[in-house]
Amino acid sequence: MKRFHVHVGVANLDQSIQFYAAMFGAPPTIQKTDYAKWMLEDPRVNFAISARGAATGVNHLGMQAESAEELAEIHSRLQAADNAIVAEVGANCCYTKSDKYWVQDPSGIAWESFHSLGSVPFFNGATELTAEGELNVTTATFAVKTDACCAPKPVTVAMPKIAAKPMNAGCCNG
């Protein structure tokens, strides 16, 4: 069974953890100094937050597959949608090693489809450690992303122009 994924950039991780823990009625499943994740069953969602210097707000959305077969099914549907797809095999991101596919919807929102393969000790999978097993911060390099967390550079997708529909006042009126 697939799980919906949401990743939100936050300004203050500690305050956000406190807020979401209260809202979900549970502490994070994973908590790091710059990241937290809840693997909720009701609703079935992988909800992650991070404070990594990027813009606050929704970073990206996604679908988490529980198997390689489910990921292949999602990939097939993405191909049918005729969007440019960026494949990443064995990608290290958000403390997890995953096979994944990235696309952008017509509005430019990044969507990540992935199957997690295991955990990695650092946010972006950096592996340079000292003899004591700690990150060697003097020699390790980190990939700085300016778009979605761990997402490849934005994918440009040619979309047909759609006539704008005037909306009445309010979010969903029209």
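Strands β5 (residues 57–65) and β8 (residues 110–119) run parallel and pair over five bridges. Strands are DSSP runs of E of at least two residues, helices are runs of H or I of at least four, and both are numbered from the N terminus. Two strands count as paired if DSSP finds at least two bridges between them. In this pair, Leu61 stands opposite Trp111 in β8.

This is a predicted model, in which local features need pLDDT of at least 70, side-chain atom pairs count only at pLDDT 80 or more, and totals for chains, interfaces and linings use all residues. Residues are numbered from 1 along each chain as its sequence is written, and side-chain values use heavy atoms, with hydrogens and water left out.

**The sheet**

β5 and β8 belong to an open sheet of eight strands. Its order is β2-β3-β4-β1-β5-β8-β7-β6, and the pairing is mixed. Which strands stand at the edges? They are β2 and β6; each has a single partner strand, so one side of each lacks a neighbour in the sheet.

| Pair | Sense | Bridges |
|---|---|---|
| β1 and β4 (residues 44–50) | parallel | six |
| β1 and β5 (residues 57–65) | antiparallel | seven |
| β5 and β8 (residues 110–119) | parallel | five |

His5 stands opposite Asn46 in β4. Gly9 stands opposite Gly57 in β5.

The protein chain has two helices and eight strands. From the N terminus, the elements run β-α-β-β-β-β-α-β-β-β. Helix α1 (residues 13–24) lies across β2, β3 (35–41) and β4. Its direction is at about 10° to β3. Such angles run from 0 to 180 degrees between N-to-C directions, with axes fitted to C-alpha atoms, for helices over the stretch in contact.

Val6 lies in β1 (residues 3–9). Is Val6 buried or exposed? Val6 is buried, because its relative accessible area is 14%. Buried means under 20%, exposed over 50%, and partly exposed in between (1.4 Å probe, protein chains only). Beyond four places in sequence, Val6 is in contact with Val45, Asn46, Phe47, Ala48, His60 and Leu61. Contact means heavy atoms within 4.5 Å. The C-alpha atoms of Val6 and Ile49 are separated by 8.4 Å, though the two residues are 43 apart along the chain.

Val8 also has contacts beyond four places in sequence, including Phe47, Ile49, Gly57 and Val58.

The largest nonpolar core has 13 residues. Such a core is a set of buried Ala, Val, Leu, Ile, Met, Phe, Trp, Tyr and Cys residues joined through side-chain atoms within 4.5 Å. Val6, Val8, Ile17, Trp38, Phe47 and Ile49 touch the most other members. β1, α1, β3 and β4 each give two or more residues to this core. Another core lies apart, with six residues, among them Ala65, Ile74, Leu78 and Val103. In soluble globular proteins, nonpolar side chains tend to be buried together.

Of the chain's 174 residues, 40% count as buried.

**Confidence**

pLDDT is the predictor's confidence in each residue, from 0 to 100. The protein chain averages 75, and 67% of the residues score at least 70.

Where pLDDT is low, the predicted coordinates should not be read in detail.
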